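Here's a quick tour of the fold you're about to see. Have a look around first, then read on.

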Amino acid sequence: MNNWIQVTDLKEIPKLGSRIVKTAEGDIAIFRTAHDEVFALRDACPHKQGPLSQGIVHGTSVTCPMHNWKIDLASGEALGADEGCTNTYQTKIEEGQVYIQIK
Ligand code: FES
């Protein structure tokens, strides 16, 4: 069963930043890009579980604050020479509210 969960108002997420949502699946980081796209990833870097929510968003990727791996927000995959992937969640925005899909 796929459940959409309303998590926050888009305005509550800083541009190029994120907000953490606590779920039964653990902490999920909701990122907002400069163009108001929203992505949701498990708040754990594929390298050593660094808090991606504290990273800086560039375009549609985030730089992990721990060792500077760059993670693609759409796929959750590490970019460049690094390898690894973190869970991603579908997002949607309706009437200014952000929803994520928890399977
Ligand atoms: S924990 Fe993210 S780069 Fe090392």
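What percentage of the 103 residues in the protein do buried residues make up?

## Burial and contacts

Buried residues come to 30% of the 103, where buried takes 20 or more other C-beta atoms within 10 Å of a residue's own, with C-beta atoms placed from the backbone. As for contacts (C-beta atoms, again placed from the backbone, within 7 Å), 40% of those with a separation of 6 or more link residues 24 or more positions apart.

A word on the model: it's a predicted one, with local features needing pLDDT of at least 70, side-chain atom pairs counting only at pLDDT 80 or more, and totals for chains, interfaces and linings using all residues. Numbering starts from 1 along each chain as its sequence is written.

## Overall dimensions

The radius of gyration, taken over C-alpha atoms, is 13 Å, which agrees with the value near 13 Å for a compact globule of 103 residues. That rule is 2.2 Å times the number of residues to the power 0.38. Along the principal axes, the C-alpha atoms fill a box of roughly 40 × 30 × 20 Å.

## Strands and sheet

You'll find 10 strands and 0 helices here; these are DSSP runs numbered from the N terminus, E with at least two residues for strands, H or I with at least four for helices.

An open, antiparallel sheet is built from 4 strands, ordered β2-β3-β4-β8; pairing takes at least two DSSP bridges between two strands. Its edges are β2 (18-23) and β8 (88-89), each pairing on one side only. Antiparallel to β8 runs β4 (residues 38-42), joined to β8 by 2 bridges. A40 has Y89 in β8 as its bridge partner.

Terms used. Buried ≥ 20, exposed ≤ 12 C-beta atoms within 10 Å, placed from the backbone. Contact = placed C-beta atoms within 7 Å.
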